[in-house]
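Visitor: Hi! Could you walk me through this one?
Guide: Happy to. Here it is.

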Amino acid sequence: MNNLTAVEVKNTHQEIISLPRPIRKSLDYQQISLYKDVNPLDWEDWHWQMKHRVSSREELAQVIKLSPEEEEGLKKATGRLSLAITPYWLTLIDAEDPSCPLRRQAVPVKTEFLVSPHEMVDPCAEDRDSCAPHLVHRYPDRVLLLATEHCSMYCRHCTRRRLVGDHAQQEETNHASRFDAAIDYIKSNKKIRDVLISGGDPLILEDEILESIVKRIRDISHVEFLRIGTRVPVVLPQRITEKLVTMLKKYSPIWMSIHFNHPKEITKRSKIACDMLSESGIPLGSQTVLLKGVNDRPYIMRKLMQELLQIRVRPYYIYQCDPVRGTQHFRTPVSVGINIMEKLRGHTSGYAVPTYVIDGPGGGGKIPVGPNYILSQAKGKYVLHNYKGKIYTYLE
Ligand code: SF4
């Protein structure tokens, strides 16, 4: 236990774990009765966090006061999208307030099970554009590899809820051959220069399994770079270990798209995870989903974007919530997103302004939408308004 004062210690898997002082001061998880006897080494061990995810109503009720809507949702949440919440994320949730933006993302409510005729199982038509098992090819020069069906936490707004969940087959056992057809497809298609590894969350794979996938793709000469899509730095920051970043660094350039949705998700602990990634040369971007009751106010979105820059994560996209079955309670009108963009552009640093996109239902890909700054256009002349509404004429 003397090691606990050290900045770096080894856990039971011989991984080096950082326990910086600011975090050690805020070990507030021990105030939650469920975790009061957990020692900091276990808490910082991502395997421990995975093993102790809350996945039943009974466990959850020990930590938060469930509302009738949540009770109803939990009764029904026995289908494909499992309940799984990391202990770390539970410490960020307001135990008393069902409208807590982090709680809304993790705890099912009864409205998740209402049926809407506008919603689809696979609104982005990824299954249609699948060119090999676990591989989606929509855009000319890039593909999406679905490396796993599992996540550390299951987000109630997940677009891939048709695929992900703890019910999904345990694929890790036969991972070596699992992606053969996908790798062969990428090898044989020389136009593919960019591979996005997503899932599920690929960072919950063991280092060796992830490395075997990354290496096979990086060995293909026409693939210029890789991207990893993940929520791990937000929901399980303990997973970002020295061993992981050292491994990823070998396969540079790798970029990472992280799914941040609310300023409360930016904690001292998630900052450390992002710092470790940045300092190993991985550029970080954020893909945020516009969610009713979570981040649909301009001031919240502005705070999120500004705070992301402080942890060196570049706001990349704001997604209109896809019309996936079970998410209507999260969806806002498009005008809400346009208004947010209007309140960002010009009002804060350009780096804090992402692109707002609608994924064209049926497989149209990402379509940028936003305020229209062009008032009129004639030959050689544009009439525009700026972020304050002042009008300017530009002559070509
Ligand atoms: S981490 Fe990503 S894939 Fe997993 S449930 Fe959340 S949104 Fe879906």
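Visitor: At what angle do the axes of helix α14 and helix α15 cross?
Guide: The axes of α14 (residues 298-310) and α15 (residues 334-344) cross at roughly 55° and come within 9 Å. Axes here are lines fitted to C-alpha atoms over the stretch in contact, with angles from 0 to 180 degrees between N-to-C directions. Helices are DSSP runs of H or I, at least four residues, and strands are E runs of at least two, numbered from the N terminus.

Visitor: What does that make α14 relative to α15?
Guide: Oblique, the word for whatever is not under 35 degrees (roughly parallel), over 145 (roughly antiparallel) or 65 to 115 (roughly perpendicular).

Visitor: Which residues make the contact?
Guide: From α14 they are Pro298, Met301, Arg302 and Met305, and from α15 Asn339, Ile340, Lys343 and Leu344, with contact meaning heavy atoms within 4.5 Å.

Visitor: Is this model predicted or what?
Guide: Predicted: local features need pLDDT of at least 70 and side-chain atom pairs 80 or more, while totals for chains, interfaces and linings use all residues. Residues are numbered from 1 along each chain as its sequence is written, and side-chain values use heavy atoms, leaving out hydrogens and water.

Visitor: New topic: how much space lies in the largest pocket?
Guide: About 1,000 Å³. A pocket is an open set of 1 Å grid points where a 1.4 Å probe fits, with protein on both sides within 12 Å along at least five of seven lines; lining residues have an atom within 4 Å of a point. The volume is the space filled by probe spheres set on the points, which are joined across faces, edges and corners.

Visitor: Which lining residues are closest to its centre?
Guide: Of 41 lining residues, those are Glu126, Arg160, Ser198, Gln287 and Tyr319.

Visitor: And which element gives the largest share?
Guide: β10, with four residues.
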